[in-house]
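Here's a quick briefing to read alongside the model. Have the structure open and follow along, topic by topic.

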Amino acid sequence: MSETSLRLVWVYPDLLSTYGDQGNALVVERRAQQRHIPVSRIDVRSDQAVPTSGDIYLIGGGEDRPQRLAAERLRRDGGLNRAVANGAIVFSVCAGYQILGTEFVNDLGRPEPGLGILDVRSIRNDGPRHVGDILADVDERLGLPPLTGFENHQGNTVIGPSARPLARLRYGNGNGTGDGTEGAWSDTVFGTYAHGPVMARNPLFADMLLKLALDVHALPPVDEQWYEALRAERIAAATQQPA
Amino acid sequence: MAGNSGPLSPRAKLAVTAGKAAAAVSRAAGRGSGSVIGGKVALKLDPDLLARLATHLDVVLVSATNGKTTTTRLIAEALRASGQVVSNALGANMPAGITSALAGGSEARYGVIEVDEKYLAGVARDVTPKAIALLNLSRDQLDRAAETRMLAERWREGLSGTDAVVVANADDPLVAWAASSCPTVVWVAAGQEWKDDAWSCPSCGGVLQRPGDDWYCGDCGFRRPPPTWALSGDYVVAPDGVAWPIQLQLPGRANKANAATSAAVAAVFGVAPKVALERMYAVQAVAGRYDVVPYQGRDLRLLLAKNPAGWLETFSLIDGPPAPVLLSVNARGADGTDTSWLWDVDYTRLAGHPIFVIGDRKLDLAVRLEVAGLDFRVCADVDEAVRSAPPGRIEVIANYTAFQDLRRAVGN
């Protein structure tokens, strides 16, 4: 963390903010402010350089063409790769998750190189789009309650040897490969297919990012009333929807 | 000749009759107006019926993400100055509903038709419209609708050879791109508050630059077309430079924009702006929207907002604080089942209002408002919310099925 405030970087809202992804930035920002942690949010448009001195980077979901444009511009820019090499924290969702990997299939149906900062590779599945509530048990090393989210994608993502599944599915399609995994992570880089937005439904993920950035093991409590009520409702909804 | 009863073939007549019979059965069974089922039966018997019904009408199509029902109504009112109008006034805007509406207007000269965004190209092919009004395109129901830019692309391809005069919003880059392949376009500077679906050039993918009201792509040079009509504050400025005041009963900037576009469409048919606008002033509410309803001794104003662009325009028209605000959000099939769009809406605009929250997805909304740092109260239903609200007219903002639920609950 820099000396004055925690730097929260939202990558490419002009291309990758189709599914309420701003919500992830708002929740992280809000939960920092409630703990009196000074936080400055930096929204980086795709014609601007990605700063390398951020603490937490958020990258969201988007449509197929903007996803390709974002990958092209992020590869050319190199800032996100340099930030990760410096130990920055990255949390990515859906199209953003695929971009962090080594390769995905772009809107033209061709393999597109990703940034290679998470060992995953994505293809497009031929079946129906994955749409609906998901519920998954988070990797126990992260010590978090179950992940609830809303997925809406056509990707199948295979996790390579140097990354781990973020969660094991109870309901939903997640990585879509049939191995029961959802999302991936390694060190300080995380990816998920869960929208909702994911931080609104899983505020302890936001706290995890804050704790990593601040290098602390605990944060003061905040009022969880509405988050808890929403989580309970959506977890019940995931278990009740038709398979 | 006016009217479309004469030229129908025996099969088309049979189809219309069968459709009306099916609609009557549907109504009798309490399943809504029956317009969609009637149209479906009729189209099954005569797949070309829509084209045939439209043959002897001057057809105007209206499509957009937001404002199409209201604009259809405004254009219909304006054109009544010069002849009878048939219209799908209740918003049944897919081919079956449109067929049913046209079948009901055998004496009409004009057909003013709202069309769902996804069906515009097909309907435009079937009915050979004289004019097409394109208002705006933005994210809506992302769990099932096509991507927003794909819709613009379908419009662009489907309308590229049209003989219609296309009346299009120059301030929406997606609409401008969709319309710019059409041979005859009347550009209207109708404004668009929501900008977050058009930061990328629809043509080349470059980043759009947006200084003031202008926009252009720095990469390929695609830019805002010069408008001939413009909404300017409370006035619509016609191509001859005359500014006409807009004095609608309908509230808000977006409806002034709808009126400006409607005046431009009316002019295509020779109806002067003064005449067109004055006829639009008679419109008080459209399918329940903007209606002020007395309920439990209070006044409720019912406002429909289905997506982030719609919520943004709605926030700008409600009474200021301390007017109480009641919000209701559902996520049923017709709403889209993904509620993540709530996070694209800037709810901090409601700061200072007492806020009451109901609807199927009130907990999503509660977390959203909590994170926005607002005070709010979650209520079991509209009755509890109305009982809890401090004095003053209650501004009720709801998305699609939540709006229908509310209308039923308050007897509108």
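In which helix is B:Thr70 found? It's in α4 of chain B, residues 68–79, where helices (H or I, at least four residues) and strands (E, at least two) are DSSP runs numbered from the N terminus. Keep in mind that this is a predicted model, with local features needing pLDDT of at least 70, side-chain atom pairs counting only at pLDDT 80 or more, and totals for chains, interfaces and linings using all residues. Residues are numbered from 1 along each chain as its sequence is written, chains are lettered from A and ligands numbered from 1 in the order in which they are written, and side-chain values use heavy atoms, with hydrogens and water left out.

- B:Thr70 counts as buried, at 4% relative accessibility; the cut-offs are under 20% relative accessible area for buried, over 50% for exposed, and partly exposed in between (1.4 Å probe, protein chains only).
- Setting aside neighbours within four places in sequence, B:Thr70 is in contact with B:Leu250, B:Asn255, B:Asn258, B:Val286 and B:Tyr290, contact being heavy atoms within 4.5 Å.
- B:Leu326 sits in strand β14 of chain B and is buried as well, at 2% relative accessibility.
- Beyond four places in sequence, the contacts of B:Leu326 include B:Phe356, B:Ile358, B:Val382 and B:Ile397.
- From B:Leu326 to B:Lys40 it's 286 residues in sequence and 37 Å in space, C-alpha to C-alpha.

**A strand pair in chain B**

- Strand β6 of chain B (residues 185–189) is mostly covered, with 4 of its 5 residues buried.
- Its partner β5 (residues 165–169) runs parallel to β6 of chain B, over 4 bridges; strands pair if DSSP finds at least two bridges between them.
- Within chain B, B:Asn169 stands opposite B:Val188 of β6.

**Where chains A and B meet**

- On the chain A side 33 residues are in contact with 35 residues of chain B.
- The two chains bury about 2900 Å² between them, 53% of it on carbon and sulfur atoms; buried area is the accessible area (1.4 Å probe) that two parts lose on being put together, summed over both.
- A:Glu63, A:Arg65 and A:Trp226 supply 23% of the area that chain A buries against chain B, more than any other three residues.
- Between the chains, 7 residue pairs are in polar contact, both residues at pLDDT 80 or more; that's a pair of N or O atoms within 3.5 Å, where within protein one must be able to donate a hydrogen and the other to accept it, and residues adjacent in sequence count only if both atoms are side-chain atoms.
- In chain A, α1 (22–34), α2 (64–77), β9 (147–153), α5 (198–201) and α7 (225–240) each supply at least two residues of the side that touches chain B.
- By class, that side of chain A has 13 nonpolar, 9 polar and 11 charged residues, with Ala, Val, Leu, Ile, Met, Phe, Trp, Tyr, Cys and Pro taken as nonpolar, Asp, Glu, Lys and Arg as charged, and the others, Gly among them, as polar.

**Salt bridges**

- Over all chains the count comes to 38 salt bridges, each a side-chain nitrogen of Lys or Arg within 4 Å of a carboxyl oxygen of Asp or Glu.
- Of the salt bridges, 2 are found across the interface of chain A and chain B.
- A:Asp139 and A:Arg164 form one, with the closest N and O atoms 2.8 Å apart. The pair links distant parts of the chain, 25 residues apart: A:Asp139 is in the loop between β8 (130–138) and β9 of chain A, and A:Arg164 is in strand β11 (residues 164–171) of chain A.
- A:Asp139 is buried at 9% relative accessibility, whereas A:Arg164 is partly exposed at 31%.
- B:Arg361 reaches across to A:Glu233, the closest N and O atoms being 3.7 Å apart. B:Arg361 counts as buried at 6% relative accessibility, while A:Glu233 counts as partly exposed at 22%.
- B:Asp360 and B:Arg332 form a salt bridge with closest N and O atoms 2.8 Å apart. The two lie 28 residues apart, B:Asp360 in the loop between β15 and α12 of chain B, and B:Arg332 in the loop between β14 (325–328) and β15 of chain B.
- Both ends of that pair are partly exposed, B:Asp360 at 37% and B:Arg332 at 33%.
- Shared partners join A:Asp133, A:Arg201, A:Glu233, A:Arg234, B:Arg361 and B:Asp364 into one salt-bridge network.
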